[in-house]
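User: I have a new model open and want a quick tour. Can we go spot by spot?

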Amino acid sequence: MKFISILLAGILINNFIFVRFLGICPFLGVSQKVETAVGMGVAVTFVMTVASGITWLIQHYVLDLFGIPYMQTVAFILVIAALVQFVEMVIQKTSPTLYQALGVYLPLITTNCAVLGVTVLNIQSDHNFFYAMVNGFAAALGFLLAITLMAGVREKLEFSNIPKSLQGFPMAFITAGLMAVAFYGFQGLFKDFLVL
Amino acid sequence: MRLRTFRGGIYPPAMKGTSQRPIVDLPAPAHVVIPMQQHVGTTCSPLVKVGDTVKIGQKIGQCTTFISAPIHASISGKVKSIGAVDVANGNKVLAITIENDFQNTLVEGIAPPPPLEELSPAEIAELVREAGIVGMGGAGFPTSVKLTPPADVKIDMIIINAVECEPYLTCDQMIIIEEVNYMISGIRAIMKALGLDHACIGIKINMEGAIDRLHEIILEEKGIDIVPLVPKYPQGEERQLIYAVTGKEVPSGALPQDIGIAVFNAATAWSIGHLLADGLPLTERVITVGGAVKEEGNYRIKVGTTVDQVIEMVGGYTDTPKSIIVGGPMTGFGLYHTNIPLTKQNNGVIVLTEEHVKEEEMTECIHCGQCVQVCPARIMPNRIAKLVKKADVDGLEKFNVLDCRDCAACAYVCPAKIPLLHYMKIGKNYVNEERAKNRA
Amino acid sequence: MEENKLIVLSAPHFKSPLTTKKIMFTVILALIPAAAASVVFFGIKALLHILISVVAAVATEFVVQKLLKKKINITDGSAILTGLLMGMNLPAGAPLWIGAVGSIFAIAVVKEAFGGLGQNFMNPALAARAMLLAAWPSQMVSWVTPIDAIATATPLAIAKAGVPDTATLPLLWDMFIGFVGGSLGETSALALMIGGIYLIYKEIIDYRIPLSFLGTVFVLATIFGVDGINSGLFHLLGGGVMLGAIFMATDYVTSPSTAKGRWIYGIGCGLITILIRFWGGYPEGVSFAILLMNICAPLIENYTLPTKFGKVAKVK
Amino acid sequence: MKNKYLKTLTDGVVTENPLFRLVLGTCPALAVSSAVANGFWMGLMVIFVLTFSNMLISALRNFIPDKIRIPCYIVIIATFVTIVDLLMAAYMHEMHKTLGIFIPLIVVNCIILARAESFASKNSILHSAVDGIGMGLGFMAALMIVATFREVLGNGTFFNIRVLPAGFPVAKVMVEAPGAFITLGLVLGLINLITARSKTA
């Protein structure tokens, strides 16, 4: 149950983009085309899930053990940066096609605050190792959903005659705002069943 | 019997007020203007000079390439001038103007050909070619070319297009009612030329008189079937007709002959029938004159009669014309002036008044999707129009703009009054240019 | 011969008499029964709500188009329609200014900011309604009973509040006629259906969206409903499903234009509606369902492109 | 000399305002602009981190190997972020709780890394410090402008002082997610409009 709860919460109810404001930069920057948006979303999903696991281990077996929890930010960001580098190298070696598809997005992920955000939140909400990874995965799926939908809408808006001063970022924000209103519909979903 | 049809399409008002008007022979005009291109393919070169005397049926335009059709004088008289004139589709084409001497002299050597039983397929094709017969439904594709398919193509089905789905036009209907025998003998010739013993006639169920006439006649005619079709536009579009009759879709980018089907217009078969009867090349045809003219009706005219001559002969306008169209109102050409010669291809002259020609205000596309619902090619005119505005060639390829068959159903239904057909044509140009560039 | 007066247009030279404007006014006409019903049930307040919303919408359209130096086309009826829908989506007990704010937001931010007619991605009236609900939650649920205008809850809210008690639930017949609490325009299923049938008969709207939307709601509510209280019929007649399925989900601009896409879109609307009604935080989910499907519409359309004629393995 | 610093400062606040012109640091901008006070404190922290990280990176710019410069920058930034995090936790406990996760997330605020990469690694310590202050101030000002709209309309207060009458029906949505996105979008549009006008004028 908790597994489903976390998934639903991450994807719909507490969507990282529309509710928590995490990962806005790539959400706005890489959502012009559905194809690239999906690529970015998939890359983020992978990194967030793995990063959630690794940072959980670091927190519990390094930081807590040595009594230096205040080093969390520094340690986590380094782990994420290293992880992204590592993933990039592995993908490049093992699957050139995947690398071609995701390669360009990987370096951008380091500064995606959703990644650091979810790892910190995992620790704050006392998830165990498994649920930390589930949470990372769910949050990333939420990101994937949001960025894909956004890209779909923006592809359509390409043909719209948007007033000049609203073109680009302003319009992207307004669009995201309207999407956030729609996501209100998921608030309180399954609140009698969910265990969070 | 369940009526057959295709997916999509529209029901424009039929406006077929002329549907029971007998064919009237219009007198030969004082002069005719005969363009040297009345068909798909290469332009013919004139065989006569200014001042020459010509006779009815005399070959005056000749071309040596395979895809073309020779051109004949439709009246006897003197060649007054040779030069470029405006034709219906907006182009300028070399034309021969002949002044009528009203002697109606036939050219020597015109005689009925031997009976069909004695002709070989090649001889039939050659007769048709020499008579200058082309697709008379509007496209103008040389009929002889269709009668001699390439060696690797096996035609196993003949469909006669008697659908006449455009509003106003009724000339094919009257041909069937009054002169069905010519059409049938033409169909027989086509069957023989292609070595088949079977043909289908696709016809709309609401063609009063014509259907009954056909039913009467085919009781005696073996191997000719009637396929009644839903009176929908563009049922007469070649691919939609084939689909309705056979259930087969002509593959995108391919020709009907690639799936073994050949389609001939009813009027084309009719003119082959006439050729077999009297040996006279194609110099006359039947057109519908409709709209705001005194005597609406179906008229037999000499090829090369101009639009203003026709209108004068039918008694002139009854109201101020706003738009004059050669062909049907869906796919025909709007004229800038009426000094335009009518060719073998043209099946109608329609005079529209204020009632139908409104310069409606265009609004933004409201994405109603009507064009998508009606498109017989099942492409998305709404998206294509937007892509054309952005000159997005890749997008246009992706949205299959080249599959558009110019039926104009999209532009007909568009509530925003966006000239979608116009955009589709531009889109096709973009893609074709890009492809040509890539080939180069 | 007045040759130079000939008008040469690109083919076709015949066009259907239907125009954007006619479509808009036909939809407005189809909404009149429901609007009239709302005035009958909720009195002069309903009329005021509707009038204020319409006037605000048209005025906003005018001002924005003037400011953007665009062609003024407030007569095309689209702003009137948005205003009308806005007004009909308000509870009778709401303060009068709220419709004006909603209309201004709908036209200025949801419609004109995206380029105006035909270019927005969300239904303006619905987006504004959801925004109002988020901004003023208490005012936007100030339902009153018809005629005597006593504060009440909507049938859906009663059903959601807990163990369904047949005594407090309104009769299905009342819900069909519209004699229950709810947004102005949504209560009378009868009046809405009259409008809907008229629109389908006039071929203004495609039957696919209302049919799949209502069908999904009916089927799911029947499956998951409890003891005939939360029944399929109850969920069809209660809340804004009728209004939404007939007048809002069918908004051309924000729904897919492909036939297959419209089925998916309608089913999606129904699914999310039931999801929110049965397990969500709100008693009513129609607006959110349609808004969420608005967001999905471009993707749905892109994945349901019609198969072009003759798309078969190439001969030879 | 003086002009150069002044220009850097005004660049940061006005012409190259990180939020309004460069559209960087949008996550915290959306998250903390629900109240002016939040914006103010977030801005202050960003000024602190940005100035010091700029100075340190500028000081070390000749010693950091080019290949690993980004990780080095991140470590430096993360260190300063940890310092403000701890300071806030100690002295501004309420505010620390309100801003929550967005304090550690200053690390990945693109403004800071962007300035390190594009400015501090190429300029003198003093100049980099001025740039940090300018950019930070610009960010803070932008946050507070957006927050003003949101707090006044959404809560009826400005810097926690009530400015709208008590009965005024404030729009709750303004302090929530949709309000954040739409306000920022509209403010950005407005600024584009003003810039375009002033350029043509």
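This is a predicted model: local features need pLDDT of at least 70, side-chain atom pairs count only at pLDDT 80 or more; totals for chains, interfaces and linings use all residues.

User: Where in chain B does B:Ser68 sit?
Analyst: In a loop. The loop runs between strand S5 (59–62) and strand S6 (71–72) of chain B.

User: What lies 3.3 Å from a polar atom of the B:Ser68 side chain?
Analyst: The backbone oxygen of B:Thr65.

User: And which residues does B:Ser68 touch, leaving out those up to four places away in sequence?
Analyst: B:His39, B:Val40, B:Thr42, B:Cys63, B:Arg129 and B:Pro142.

User: Staying in chain B. Which helix holds B:Leu214?
Analyst: Helix H4, residues 210–218.

User: Is B:Leu214 buried or exposed?
Analyst: Buried. Its relative accessible area is 0%, and the cut-off for buried is under 20%, so B:Leu214 qualifies.

User: What does B:Leu214 touch, again skipping residues up to four places away?
Analyst: B:Ile176, B:Val180, B:Met183, B:Ile201, B:Ile203 and B:Ile226.

User: How far is B:Leu214 from B:Pro419?
Analyst: 39 Å in space, C-alpha to C-alpha. In sequence, B:Leu214 and B:Pro419 are 205 residues apart.

User: On to helix H9 of chain B. How many of its nine residues are buried?
Analyst: Seven. Helix H9 covers residues 381–389 and is mostly covered.

User: Which residues of H9(B) are the buried ones?
Analyst: B:Pro381, B:Asn382, B:Arg383, B:Ile384, B:Ala385, B:Leu387 and B:Val388.

User: What covers the buried residues of H9(B)?
Analyst: From chain B, the cover includes helix H8 (370–374), helix H10 (393–398), helix H11 (409–413) and helix H12 (420–439). Helix H13 (286–303) of chain C is also part of the cover.

User: Chain C came up. Which pair of chains shares the most contacts?
Analyst: Chains B and C, out of five pairs of chains in contact.

User: And how far apart are the nearest C-alpha atoms of chain B and chain D?
Analyst: 24 Å. Chain B and chain D do not touch.

User: Give me chain C itself. How many helices and strands?
Analyst: 13 helices and zero strands.

User: Why say that its radius of gyration agrees with a compact globule?
Analyst: Because a compact globule of 316 residues would have a radius of gyration near 20 Å, and chain C has 21 Å. The C-alpha trace of chain C spans about 80 × 55 × 35 Å along its principal axes.

User: What share of the chain C residues is buried?
Analyst: 60% of the 316 residues. Take the contacts in chain C with a separation of 6 or more: 74% of them are between residues 24 or more positions apart.

User: How about the surface and charges of chain C?
Analyst: The accessible surface is about 11,700 Å², and carbon and sulfur atoms account for 72% of that. Chain C has 21 positive and 15 negative charges, with mean positions 12 Å apart.

User: Now chain A. How many helices and strands there?
Analyst: Nine helices and zero strands.

User: What radius of gyration does chain A have?
Analyst: 17 Å. A compact globule with 196 residues would have one near 16 Å, so chain A agrees. Its C-alpha trace spans about 60 × 45 × 30 Å along the principal axes.

User: And what share of chain A is buried?
Analyst: 60% of its 196 residues. Among the chain A contacts with a separation of 6 or more, 79% join residues 24 or more positions apart.

User: What does D:Gly185 touch, not counting residues up to four places away in sequence?
Analyst: A:Leu166, A:Pro170, A:Phe173 and A:Ile174.

User: And how far is D:Val146 from D:Gly185?
Analyst: 9.9 Å in space, C-alpha to C-alpha, and 39 residues in sequence.

Methods. Residues are numbered from 1 along each chain as its sequence is written. Chains are lettered from A and ligands numbered from 1 in the order in which they are written. Side-chain values use heavy atoms; hydrogens and water are left out. Contact means heavy atoms within 4.5 Å. Helices (H or I, at least four residues) and strands (E, at least two) are DSSP runs, numbered from the N terminus. A polar contact is a pair of N or O atoms within 3.5 Å; within protein, one must be able to donate a hydrogen and the other to accept it, and residues adjacent in sequence count only if both atoms are side-chain atoms. The radius of gyration is taken over C-alpha atoms; the globule rule is 2.2 Å times the number of residues to the power 0.38. Buried means under 20% relative accessible area, exposed over 50%, partly exposed in between (1.4 Å probe, protein chains only). Accessible areas come from the Shrake-Rupley method with a 1.4 Å probe; for residues, only the protein chains shown count as cover. Lys and Arg count as positive and Asp and Glu as negative; His and the chain ends are not counted. The place of a charge is taken as NZ of Lys, CZ of Arg, CG of Asp or CD of Glu.
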